[in-house]
Amino acid sequence: MGRDDKKSSWRAGSNHLKGMGKIKGSVITTVTAGYQFAPWLALEASGEFALSERARGNQYRVGAKSTVWQSAAKDDVLALSADMLIGDARFNQTYYGVTPQQSRRSGLAAYRADKGVYGYALGANWTHQFSPAWSTNVAVTSTWLTDKVADSQVVERRNDTGATLAVLYSF
């Protein structure tokens, strides 16, 4: 969805970013590979690649997921996850950096956000299966930004926690 340089009700943005310019939305594809080491432990790596607006860069994730509890009927599953978030130089600079031109327009200090690990995420996920087709999923994820990007003036909070509730139908 990109990012706006003003507060928006439908995509990321803030009036604090006025003068930074908009980051255009992009069509992306995600490639994921993983391995299940045990019924309770899986490792996974994924890359999110821009198919349009490629100047925004690409991001990657490496992590582990562990099933910590499963009901006897196997209709309830609780899993925990830990991920390392990585951006290439273009991604980190696009979302967290401030170029000299943006600095002049916005009044924010110039900041170069190089490639590398930009954050860590911890999550908890509960799935309840009502029937072979219907299920619910509740997820809570907390993300912590590293010094590589958190020192940028575009970052308002180093930590962020979000929740998702989904009703799923499989066919």
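How many aromatic pairs does a search of the whole structure find? The count comes to eight. The structure in question is a predicted model, so a word on confidence comes before the details. The chain averages a pLDDT of 91, and 92% of the residues score at least 70. Among the helices and strands, helix H2 (residues 100-106) has the lowest confidence, with a mean of 91, while strand E6 sits at the top with 98. Where pLDDT is low, the predicted coordinates are not something to read in detail.

Back to the rings. One of the eight pairs brings together Phe91 and Tyr95, whose ring centres are 4.8 Å apart with 35° between the planes, making the pair tilted. Both residues belong to helix H1 (residues 89-96), and because they are four residues apart there, about one helical turn separates them. Phe91 and Tyr95 are both buried. A second tilted pair joins Tyr96 to Tyr118, this time at 5.6 Å centre to centre and 40° between the planes. Here the partners come from separate elements: Tyr96 lies in H1 and Tyr118 in strand E5 (residues 116-129), so the contact ties together parts that are 22 residues apart in sequence. Tyr96 has a relative accessibility of 15% and therefore counts as buried; Tyr118, at 6%, counts as buried too. Put together, ring pairs link Phe91, Tyr95, Tyr96 and Tyr118 into a cluster.

E5, the strand that carries Tyr118, also pairs with a neighbouring strand. E3 and E4 make up a hairpin, with five residues between the two strands. As a general point, side chains in a regular strand alternate between the two faces of the sheet.

Most residues other than glycine have a negative phi, yet Lys74, which is not a glycine, has a positive phi of about 60°. Lys74 lies in the loop between E3 and E4 and, with a relative accessibility of 58%, counts as exposed. Glu53 is another non-glycine residue with a positive phi, in this case about 50°. Its place is in the loop between E2 and E3, and at 38% relative accessibility Glu53 counts as partly exposed.

E4 supplies the largest share, with five residues. By residue class, the lining of this pocket divides into 11 nonpolar, eight polar and four charged residues.

Definitions and conventions: Residues numbered from 1 in each chain as written. Predicted model: local features only at pLDDT ≥ 70, side-chain atom pairs only at ≥ 80, totals over all residues. Heavy atoms only, no water. Phe/Tyr/Trp six-rings, centres within 6.5 Å; stacked < 30°, edge-to-face > 60°. Buried < 20%, exposed > 50% of the residue type's maximum accessible area, 1.4 Å probe, protein only. Nonpolar A, V, L, I, M, F, W, Y, C, P; charged D, E, K, R; others polar. pLDDT = per-residue confidence, 0-100. Pairing = 2+ DSSP bridges.
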